[in-house]
Amino acid sequence: MANSKKRNVIVGQSGGPTAAINSSLAGVYRTAKDRGYNKVYGMLHGVQGLLEGRYVDLSEHIQSGLDAELLKRTPSAYLGSCRYKLPGINENKEVYEKIFDILEKLEIDCFIYIGGNDSMDTIKKLSDYAIVFGSDIRFVGCPKTIDNDLALTDHTPGYGSAAKYIGTSVKEIIRDGWSLETAHGQVMVVEIMGRNAGWLTGAAALSKSEDCDGPDAIYLPELPFDIQAFIDKCKELLKKKASVVVAVSEGIHTADGKYICEMDNDPDYVDAFGHKQLTGTARYLCSVLAAEIGCKTRAIELSTLQRAASHCASRVDILEAYEVGGAAMKAADEGDTGKMVVIKRLSDDPYQAGTEVKDVHKIANDERLVPRNWITKDGTYVTNEFITYVRPLIQGDVSPIMVDGIPRHLYRKGFQDLL
Ligand code: F6P
């Protein structure tokens with residue numbers, strides 16, 4: 001259903017930022033322009049901002065090839081993001097009427113949303129509403145999340161860059177630990193994001209190379225975490241080496257489902273999707289180790305750094321993010337709706353991949369976890385299959401555009417500055 005007279009496009013960013021999400025935005029913008037759309041609007045802070053009538057005309061912000069290159073190299077979400085859960089259509093029809101009124105007023109043909117599994121819930125609901133109420137607007141999702149937990153896609157843009165940063169940082173931490181001798185040994189616990197999926201934590205194993213042994217243990221959230229077994233393992237390791245480095249997911253939990261980070265600090269903050277803020281796992285485990293073993297400990301929470309490190313972005317990731325943005329725009333232009341673009345891997349070596357579109361109903365709100373057979377039997381490391389899978393995604397670099405020794409970003413003076 002290609003439109004003969006093309007009107008406008010609107011694009012939004014949603015969920016946790018990444019180092020690659022703005023490259024997808026650049027891809028959507030370029031393809032929309034190349035395919036003859038008039039205006040490309042950007043929602044400010046996703047659908048939540050749209051509901052408040054907040055959007056920009058992107059051509060006023062991306063004015064040159066240099067702006068587009070800077071955008072691809074800028075972490076965070078250029079347009080601003082949100083964690084907003086649309087109510088069910090039957091729960092609150094007014095919200096939908098408001099959104100569709102705004103979209104009609106802006107003469108929108110295509111709505112592209114760059115986000116993760118929660119954000120695909122928005123594409124699912126809006127595309128359903130459009131079909132039921134006879135709107136021709138097409139709604140297409142563009143995958144994004146460092147967590148790499150979206151169903152039906154080989155991987156998600158944003159993951160490769162975060163994995164590269166994690167592999168690099170863990171290697172630097174191991175190197176640092178090696179240099180100092182400590183009386184009773186030292187354990188460094190590196191806490192890595194990913195909520196319930198261990199894709200990012202497993203990437204700590206990428207540090208293992210000719211010149212580095214890699215972390216001594218890796219604990220993914222896919223398996224229950226046994227605190228006593230962890231203490232015993234660290235004790236054993238400290239008999240053999242002075243500096244032990246362990247990677248743990250922020251989402252590790254006991255067999256009865258209690259997050260380790262909740263042990264000494266039950267987080268009050270819960271987002272719109274009911275997700276607790278997971279933080280403090282490494283700090284808690286370090287306090288337990290110090291009390292039980294008496295060794296020196298260091299809790300290293302990679303936190304925001306792992307998703308904002310565009311100075312260490314993967315070239316494969318940034319290019320794929322751009323292509324996936326373009327593919328989402330192309331799909332909407334060619335009449336798809338209620339779909340999300342997925343990446344299909346064709347081969348590992350040489351790495352080759354392409355894109356397809358899949359039904360967003362099969363993706364929204366689902367979580368794709370690390371398969372059990374990609375985790376070692378004892379549950380304390382990832383297998384070679386895991387490494388073979390992730391290695392191609394971290395290849396190549398994207399040089400930042402440096403000004404006065406610091407990377408330059410494309411910056412939009414926005415709402416946050418007015419607070
Ligand atoms: O959804 C991606 C993610 O980075 C998760 O890995 C992490 O648990 C979460 O976002 C943190 O979200 P926030 O920055 O909103 O606390």
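Q: From which domains does the shell around the ligand draw at least three residues each?
A: Domain bounds come from an automatic or database domain assignment. Here domain 1 (8-158 + 311-367 + 397-418) and domain 2 (162-308) each give the shell at least three residues. This is a predicted model, in which local features need pLDDT of at least 70 and side-chain atom pairs pLDDT 80 or more, while totals for chains, interfaces and linings use all residues. Residues are numbered from 1 along each chain as its sequence is written, and side-chain values use heavy atoms, without hydrogens and water.

Q: How far apart are the C-alpha centres of the two domains, and how many residues of each are in contact?
A: The centres of domain 1 and domain 2 are 32 Å apart. Contact (heavy atoms within 4.5 Å) links 21 residues of domain 1 with 18 of domain 2.

Q: Which residues are around the ligand?
A: A residue counts if one of its heavy atoms lies within 4 Å of the molecule. In this model they are Arg83, Ile146, Asp147, Met193, Gly194, Arg195, Glu250 and Arg307.

Q: How does this shell divide into nonpolar, polar and charged residues?
A: Asp, Glu, Lys and Arg count as charged, and Gly as polar; Ile and Met are among the nonpolar types. The shell has five charged residues, two nonpolar and one polar.

Q: What distances separate polar side-chain atoms of Arg83, Glu250 and Arg307 from ligand oxygen atoms?
A: A polar contact is a pair of N or O atoms within 3.5 Å. For Glu250, a side-chain N or O atom is 2.5 Å from a ligand oxygen. The distance is 2.7 Å for Arg307 and 2.9 Å for Arg83. Of the 400 Å² of accessible area (Shrake-Rupley method, 1.4 Å probe) that the ligand has on its own, the protein covers 80%.

Notes
A polar contact is a pair of N or O atoms within 3.5 Å; within protein, one must be able to donate a hydrogen and the other to accept it, and residues adjacent in sequence count only if both atoms are side-chain atoms.
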